[in-house]
Amino acid sequence: MSEIKKFMYVNRKAPYGTVYALESLEVVLIGAAFDQDVSLAFLDDGVFQIMKGQDTQGVGMKNFSPTYSALGDYDVTKLYVERESLEERGLTLDDLLPLKYEDEDDDWAEKDSIKLVSREELAGLMEDQDVLLNF
Amino acid sequence: MATLHTVNKSPFEKNSLASCLSHLQSGYAVLLFEDGVYGALRGTTIATRVEDAVKSGRVYVLGEDFKARGLDEGKMIEGINVVDYAGFVDLATECDRVQSWL
């Protein structure tokens with residue numbers, strides 16, 4: 001249990017239409033208890049998971065998007081968003097939730113959890129992981 | 001002899017919407033719902049094809065699904081009509097048949 005491994009959760013599905021997005025979030029929160037080096041990747045339709053302004057009242061499902069804002073409190077502070085996936089969907093960073101965390105190594109300064117990366121950079125980050133979990 | 005075509009899959013994950021748009025006949029209505037509502041977004045890789053469908057027929061989006069996903073009408077392709085669940089039922093009864101593109 002002493003060795004810290006690099007875990008990346010790879011999110012490629014839109015929320016609500018299937019249960020993948022919610023399941024991924026639940027596994028991330030459970031996994032956060034194990035003190036590993038965790039990051040999340042949002043690519044393809046996965047970028048829709050962190051759209052701001054979600055309002056599920058009309059569809060009778062739980063809006064789980066506010067939970068992404070709590071990830072910082074669980075030391076999940078690296079959320080990689082693929083730039084090309086946003087562009088293909090007509091989206092920009094402004095369309096996404098303003099997810100932040102407080103950096104304990106920098107006097108608890110508030111910082112952005114979302115890191116915009118290119119497809120090439122994301123491929124490199126994936127290559128760097130010990131464990132990749134796809135949803 | 002109008003057909004209501006419904007699409008509930010993301011156009012970026014499946015070709016259901018692309019195939020639907022390729023099979024439209026005059027008098028058609030297209031309704032986007034569930035993950036199909038992403039087809040109503042402006043500036044996407046499939047937006048021009050949806051805009052063409054809006055010009056020569058009726059295209060609808062289920063508002064409840066659109067809102068659930070954080071989308072607003074400012075992001076929607078012009079000319080698409082928003083309906084609610086009752087409107088969905090009305091469309092289904094007005095048309096002669098319904099084709100569900102899964």
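Biologist: How many residue pairs are in polar contact across the interface of chain B and chain A?

Modeller: This is a predicted model. A pair is counted here if both residues have pLDDT 80 or more, and the rule finds 6 residue pairs in polar contact across the interface of chain B and chain A.

Biologist: Which element gives the largest share of the side of chain B that touches chain A?

Modeller: Helix H3 of chain B, residues 63-68, contributes 4 residues to that side, the largest share. By class, the side of chain B that touches chain A has 8 charged, 6 nonpolar and 5 polar residues.

Biologist: How many salt bridges are there between chain B and chain A?

Modeller: The count is 3. One salt bridge joins the side chains of Lys13(A) and Glu13(B), at 3.7 Å from N to O.

Biologist: What area is buried between the two chains?

Modeller: About 1500 Å² is buried between chain B and chain A, and carbon and sulfur atoms give 55% of that area. The contact takes 21 residues from chain A and 19 residues from chain B.

Biologist: Now a single residue. Is Tyr28(B) buried or exposed?

Modeller: The cut-off for buried is under 20% relative accessible area. Tyr28(B) has 7%, so Tyr28(B) is buried. Its place is in the loop of chain B between helix H1 (16-22) and strand E2 (29-32).

Biologist: Which residues is Tyr28(B) in contact with, leaving aside neighbours within four places in sequence?

Modeller: They are Thr3(B), His5(B), Asp52(B), Ala53(B), Ser56(B), Gly57(B) and Arg58(B). With Ser56(B), Tyr28(B) makes a side-chain to side-chain polar contact of 3.3 Å. His5(B) lies 23 residues from Tyr28(B) in sequence, yet their C-alpha atoms are 7.4 Å apart in space.

Key. Residues are numbered from 1 along each chain as its sequence is written. Chains are lettered from A and ligands numbered from 1 in the order in which they are written. This is a predicted model: local features need pLDDT of at least 70, side-chain atom pairs count only at pLDDT 80 or more; totals for chains, interfaces and linings use all residues. Side-chain values use heavy atoms; hydrogens and water are left out. Helices (H or I, at least four residues) and strands (E, at least two) are DSSP runs, numbered from the N terminus. Buried means under 20% relative accessible area, exposed over 50%, partly exposed in between (1.4 Å probe, protein chains only). Contact means heavy atoms within 4.5 Å. A polar contact is a pair of N or O atoms within 3.5 Å; within protein, one must be able to donate a hydrogen and the other to accept it, and residues adjacent in sequence count only if both atoms are side-chain atoms. Buried area is the accessible area (1.4 Å probe) that two parts lose on being put together, summed over both. A salt bridge is a side-chain nitrogen of Lys or Arg within 4 Å of a carboxyl oxygen of Asp or Glu. Ala, Val, Leu, Ile, Met, Phe, Trp, Tyr, Cys and Pro count as nonpolar, Asp, Glu, Lys and Arg as charged, and the others, Gly among them, as polar.
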